[in-house]
Each structure stands twice: as C-alpha cells, then as structure tokens.
Amino acid sequence: MKKLSLVLLLLVQFKILLAQEHQQSKNYVAPTDALVQANLHKWQQLKFGLFMHWGPYSQWGVVESWSLCPEDEGWTQRKGPYGADYNAYKKAYENLQTSFNPVKFNPDKWVKAAKEAGMKYVVFTTKHHDGFCMFDTKETDYRITSTKTPYSSNPKSNVTKEIFNAFSKENFMIGAYFSKPDWHSENYWWPYFPPKDRNVNYDPAKYPDKWQKFKDFTYNQIGELMSNYGKVDILWLDGGWVRPKKTINTEVNWQKSITFNQDIDMPRIAAMAREKQPGLIVVDRTVAGPYENYTTPEQQVPNSPLDHPWESCITMGNSWSYVPGDKYKSANEIITLLIKIVSRGGNLLMNIGPGPDGDWDPVAYSRLQQVGSWIKVNGEGIYNSTAVAPYSEGSTYYTKAANSNTIYAFVISAQDAVILPSNITLHLKDIKVKNITLLGVHKKAKWTANDGTINISIPAALQTNNGLTQAAVFKIQY
Ligand code: GLC
C-alpha cells in the first residue's frame, strides 16, 4: 500500500513537472523582428550574467519591497519597531530614502570583478515593486536623485546611468530590470483604499482615468530608461500580475488572485522602446506571448533543455537584496549551476545585492575570483555552446561548440580540488572521435572509442594534485 501511494505521488509530481515545463514551452512565441532575433542569438552565447537588486531597503537588510505587501506570506513579514502597524511601517520604509547615502558606490570595481569571473551581461533593478527609482526620473521624486535623498548631491547619484556606462565600456550587454507594479504610485495603490495584496487596489475598469495615468507613468518611465541611458539590450519586466486579464493562467497558483484586468498596453510600450532601442529584447516575465522573448525560471534549473531561449535567475546569497552576513553559495555550487544550466541550453543570471554603503560583501568578490580562475581554463566549453544529447549522465554534463565538431564533457567535482578516477566512461553516439584533451593539463589523454562508448584512462599522476578545481573538462574533437 505504502509503495503504491509512493508511486502515485511520484507520478503526480512528474505530471506537475511536465505540466510546468510544457506550459513554459508551449506558449513561447518567437520574435519576428530580425534585429530582436539577432540580439537574442547574441545573448544566448553569453551564458553568464550579473543581476543586482539594490535600493534604500538595503539599509535595513530586509527583503526588497515585499514587506510592504499586505499578504500573509513568509516573505512579506514586517520586522523591527514599526512591524506591528502597517501604516507606520510603510512610512518608515519609504523614509529610508532620506538616509540612503551609498558613498562607496564604484561600479568600475563591480565591472572588474564581474568581467574576471566571466560574466558578460548585467541586469540592474532600476525600479523594484516599492517604486523607488534608482534612476533620474522626471515622473516622481521618490528617486535617488531627489534632494530628499542625501546621495543626490553626489556626482554619481544617477546610479543606473553609472552602472550601465561602466558595464557598456567593457562590452557587457545591458539589461534594465523594471517592475510594472509600483506600490508607491497613487495610481496603482490609490490611497483612498487600503492596499489588499500585490495587485492594483481599485478596479481599472471602474476608474479608467486613474488607470490611464498609471499606464502613461509606466510608459514615460520606460521611455526615459530607453532614451537617456545609452544602449540598452534587455528590458526585464517583473511583476507578472500586471497583465491583461485574458492572459491569466489559473493553473499557476499566484495568478489565481488577480481579479482585475491590469493591461498596461505592452504593444505600445514595446513599440516605443524598440523605436529607441532597435532590437531590444523584451522579457515580460510569465506573460507568455510576443513580449516574453525569453523565459526566466527563478531560483531553479529546468530538468532538461527547453525549446526556446531561457535564463535561470539565481541568488548568490539566500536573498535578492543585501542581508548582512548572508550565506553565499560556494564557488563549487556556482560553477555546478553554471555547467548544468549551460548543458541544458540556458543562461545563468546570478544575483548579488549591494549593501547600503554601495559595495558588495567581500565574500561575493572572493567567489567571483574563484569562478574566474575556473572560467579562464574551461570557458571555451561554456561560451558559444549549445546543448547536446545526452546532456548529462551522472555528474558529467555535456556542451557542444556552436561552430566546430567539439563536445565538452564536464566532470563535476564534489569538492574544490578535482580528484579523478582511473577510468572515465562517456556515452556519445554518432561521432568519430579524433582527439581528447583535458583542459588545463598539458598531457594527452589515452582513450578508446567503441560504438558510442568512450573510455578515458587517467594516469595516476593526474588523478590527484592535478591543479584542477571544481570540474574537470574533457575536450572531445571529432
Ligand atoms: C522574486 C522576488 C522579487 C525579485 C525576483 C527576481 O520574484 O519576489 O522580489 O525581484 O524574484 O527574479
């Protein structure tokens, strides 16, 4: 009986997994604009990007925005002296603007560290759900460049501009994260009603003028970001509950609570944005359709390759926002994630939350440095690669070079120092192997290949103390 229920449970879980993945792929709509296609193709080769969530909330070391949201969820809990009183809390949270002064902000330092680590693009929170603008908007004074914010007097106060400029100079692709919902705007959370949950707190159909104002505000802000910040490659739109009602997928739990039609007119926004930024990749997260040019599994890695462009966004610590003493993933964990994701054809967008002083936790720098040492030896199997069957077997993962007859086999190590067995067996069908080398080791490997089974023998001297870390990479030319 027990066994039967276990089997049933597994079957149900499997079905759910299939349903999720199926749903992701089924609704993907490939862009038809040739410039967007080209940009997307370029972006897919980059594999590794830097995500940053930053705002005045970093002063409290709390979750970004969510403690303002009157939902009873684990991540919306209010803490501190005002936690017991919602209105006092919101006031104190918004008042963080008046003490935000990240004087150590130096984006060149971030670019250097990210570049060394092998990251090739950046996505920055220009505005999160709380509505605080990390750019110089004319639409509100709830922004970093307002005289209410001490940092406004600093010549680098338009931090979005500074970040985009610094990363552009090193040829990173540039992504603007922008939250469609805005919990500070009186045209989203109208102060006449108390907010009830993450959604707009009035019925846009009943108050169309108010909703129109919100649409225009959003359109104008995105217009500013697309006009005054140099080349922007990706518009990463978060807050998927702001969507036309007809696109709601009630199979997805959090979408069940969306009662109102929250259509902000994506065709108008995208047309304007692409006029200013030809070829712009638009990521209207979870709103499957022509404006979700790639999908964004969050804090997870799909179990198998997806049939469209995708990116896993994953935190280096436990939180998107800066939390003092946060526990950062080890270099081994980060590299394992990167390899898994790339072997399934995706990109890894790894988040680091800058602190209130404007710098990262030193641990983040040290992780990036370790990742960089590995990338320098093994990056040729990561960038410009595509997924190749069988994708993985055990702790071995495969990628294929896009432009040559080369497959890379990544043998992931459970610890920092790589220890290899005397013999490694790989299964790769339909190739006639010509040569196998172990990256980072200047010795030829001995191997035999028979009917899709490749045996590599590792000499004793290479099994330990081989100088390799995190994952050994075999380059297989055919
Ligand atoms: C989650 C968080 C949100 C964050 C996003 C990044 O949805 O709730 O705050 O911006 O992940 O992907």
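**Ligand shell, sheets and helix packing in a predicted model**

The shell of residues around the ligand divides into six nonpolar, two polar and four charged. Here Ala, Val, Leu, Ile, Met, Phe, Trp, Tyr, Cys and Pro count as nonpolar, Asp, Glu, Lys and Arg as charged, and the others, Gly among them, as polar. The model is predicted: local features need pLDDT of at least 70, side-chain atom pairs count only at pLDDT 80 or more, and totals for chains, interfaces and linings use all residues. Residues are numbered from 1 along each chain as its sequence is written, and side-chain values use heavy atoms, with hydrogens and water left out.

The shell consists of Phe51, His53, Glu64, Trp66, His128, Tyr177, Trp236, Asp238, Arg285, Glu298, Cys313 and Trp320. For Glu64, a side-chain N or O atom is 2.6 Å from a ligand oxygen. For Glu298, a polar side-chain atom lies 3.0 Å from an oxygen of the ligand. For Asp238, the corresponding distance to a ligand oxygen is 3.3 Å. On its own, the ligand has 310 Å² of accessible area, and the protein covers 88% of this. Accessible areas come from the Shrake-Rupley method with a 1.4 Å probe.

Strands (E, at least two residues) and helices (H or I, at least four) are DSSP runs, numbered from the N terminus. Two strands pair if DSSP finds at least two bridges between them. Met52 has Phe124 in S2 as its bridge partner.

Axes are lines fitted to C-alpha atoms, for helices over the stretch in contact, and angles run from 0 to 180 degrees between N-to-C directions. Contact means heavy atoms within 4.5 Å.

Two packed helices are described by the angle between their axes and the distance between the axes. For helix H4 (residues 107–116) and helix H9 (residues 362–378), the angle is about 35° and the axes are 7 Å apart. From H4, the contact uses Lys109, Trp110, Ala113, Ala114 and Glu116; from H9, it uses Tyr365, Leu368, Gly372 and Lys376. By class, this contact has five nonpolar, one polar and three charged residues.

A further open sheet has three strands in the order S12-S15-S14, with antiparallel pairing. Strand S12 (423–427) and strand S14 (446–450) are the edge strands, and each pairs on one side only. The twist here averages 15° from one strand to the next. Five bridges pair S14 with strand S15 (residues 453–457) in the antiparallel sense. Lys446 stands opposite Ser457, and Thr448 has Asn455 as its bridge partner. S14 and S15 form a hairpin with two residues between them. In the turn, Asp451 has a positive phi of about 50°.

Most residues other than glycine have a negative phi, and most peptide bonds are trans. Ser65 has a positive phi, near 55°, and lies in the loop between S1 and helix H3 (86–95). A cis peptide bond, with omega about 10°, joins Ala389 and Pro390. Pro390 is found in the loop between strand S8 (385–386) and strand S9 (392–393).

Definitions and conventions. A residue is near a molecule or strand if one of its heavy atoms lies within 4 Å of it. A polar contact is a pair of N or O atoms within 3.5 Å; within protein, one must be able to donate a hydrogen and the other to accept it, and residues adjacent in sequence count only if both atoms are side-chain atoms.
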